Amino acid sequence: MQPDQIESGLKDMVTAVNRIAPDWAVALSGFAIAALLALGLFRFVFTLLTRMVAERELFWRSLVARAAQPLRLVLLIVALAFVNQIVPMPPHVSRGVTQILLMALILCLAWIAYTALYIWTTIHLRRFKLDAEDNLLARKHVTQTRILMRVAKVMVVILAVAAALMTFPAVRQYGVSLLAAGGAAGIVVGLALQPVLKNLFAGIQLALTQPIRIDDALIVEGEWGNVEEITATYVVIRIWDWRRLVVPLSYFIEQPFQNWTRESAALIGTVMIYLDHSADIPAIRAKAREIAEASPLWDRDVFAVQVTDFRERVIEVRILVSARNGPRTFDLRCDMREALIDWIKREMPHALPRTRAEIDGLEPHAQARTPDQSPPPHDPAPR
């Protein structure tokens, strides 16, 4: 049978029933029957889809499982919309029901689209681990996916609300009149939404160019920390002392900042020590290498000991060591500094900074006297 024949037969049936029952009873009965048939059809379709994707990849299985609720609503809306065309109801009531069902259908489709995006994002991010030692690729994908997911979420909501509002003739005519009027109101709206649009486009640009990523080590406004979260409008930076610095997205497009993990998480740490001119630099270099090789933090990539400055009272010695990431580099610098100072104090005390008076010999004369000794008295002048 053709759909037209089915609809004609249902209308004849409704007309026959209407002769023995009021219109409202017929309408309610029709909607109830349509709802029951839609629920039964949903159970059949859902079982069929579940069997079809049982052997397929995780995305399709998750999509069918999570889309069960919106799919049930879509079938229910379609069934009620079909019955609304054939049951006896006043025209204004029928138009109101049609309007409500159309808006509900648009929102359900947006729900399904958002569910598909969420499932794809979750499955995609399961392949990357941020807690890995070398997590550069993971941070890149996580950052890009989360930003684009938030932008897509905003776009789905905007499109769904706009489509639902455009179903009202008054709103549709108003939108057409705005477009035909020349765009003066559009300029006002654009100025009012400038901060929102600015951060929205900044988020898209960050996702594409990626000057920052999740878990990147940054120095922003003089504070060192890691990127903890990137939303549609701002970035949360977890500072080393557990504070949180909240920065708008547009900041990272317009302002300079330091990114310690842009291309690689490995960093070179600097240890500066200040010693006397008599310090044995080769011995200090050998001891520094020994300390670095004994440390599990050193990645055995960069090591150097250099005299970088010669001043009036001290010489400046710079030690370079590298590690796999920022926190390990910081700990390695502290270990190197502590171990070197302890060794110099024990094995090379003369290398510690001293004053010229000590070196010129005043200190040895003072140390040669015993505590009970005092300077010899002067002989009295002869009379």
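Reader: Does R313 count as buried or exposed, and what is its relative accessibility?

Author: This is a predicted model, in which local features need pLDDT of at least 70, side-chain atom pairs count only at pLDDT 80 or more, and totals for chains, interfaces and linings use all residues. Residues are numbered from 1 along each chain as its sequence is written, and side-chain values use heavy atoms, with hydrogens and water left out. Buried means under 20% relative accessible area, exposed over 50%, and partly exposed in between, with a 1.4 Å probe and protein chains only. R313 has 52% relative accessibility and therefore counts as exposed.

Reader: Where does R313 lie, and which residues does R313 touch?

Author: R313 lies in the loop between β7 (303–310) and β8 (315–323); strands are DSSP runs of E with at least two residues, helices are runs of H or I with at least four, and both are numbered from the N terminus. Contact means heavy atoms within 4.5 Å. Not counting residues up to four places away in sequence, R313 touches D276 and H277. The C-alpha atoms of R313 and L275 are separated by 8.7 Å, although these residues are 38 apart along the chain.

Reader: How many bridges join β7 to β8?

Author: Two strands pair if DSSP finds at least two bridges between them. Seven bridges join β7 to β8, and the two run antiparallel. F310 stands opposite I315 in β8, and a hairpin of four residues connects the two strands.

Reader: In what order do the five strands of the open sheet lie?

Author: The order is β4-β3-β2-β1-β5, with antiparallel pairing. The edge strands, β4 (244–248) and β5 (258–259), each pair on one side only. Within this sheet, four bridges join β1 (217–220) to β2 (223–230), and I219 stands opposite W224 in β2.

Reader: How is the packing of two helices described?

Author: One gives the angle between their axes and the distance between the axes. The axes are lines fitted to C-alpha atoms over the stretch in contact, with angles from 0 to 180 degrees between N-to-C directions. Here α4 (68–84) and α5 (91–125) have axes that come within 9 Å and cross at roughly 160 degrees. Angles over 145 degrees count as roughly antiparallel, so α4 is roughly antiparallel to α5. The residues in contact include L73 and I77 of α4, and L101 and W111 of α5.

Definitions and conventions:
Angles under 35 degrees count as roughly parallel, over 145 as roughly antiparallel, 65 to 115 as roughly perpendicular and the rest as oblique.
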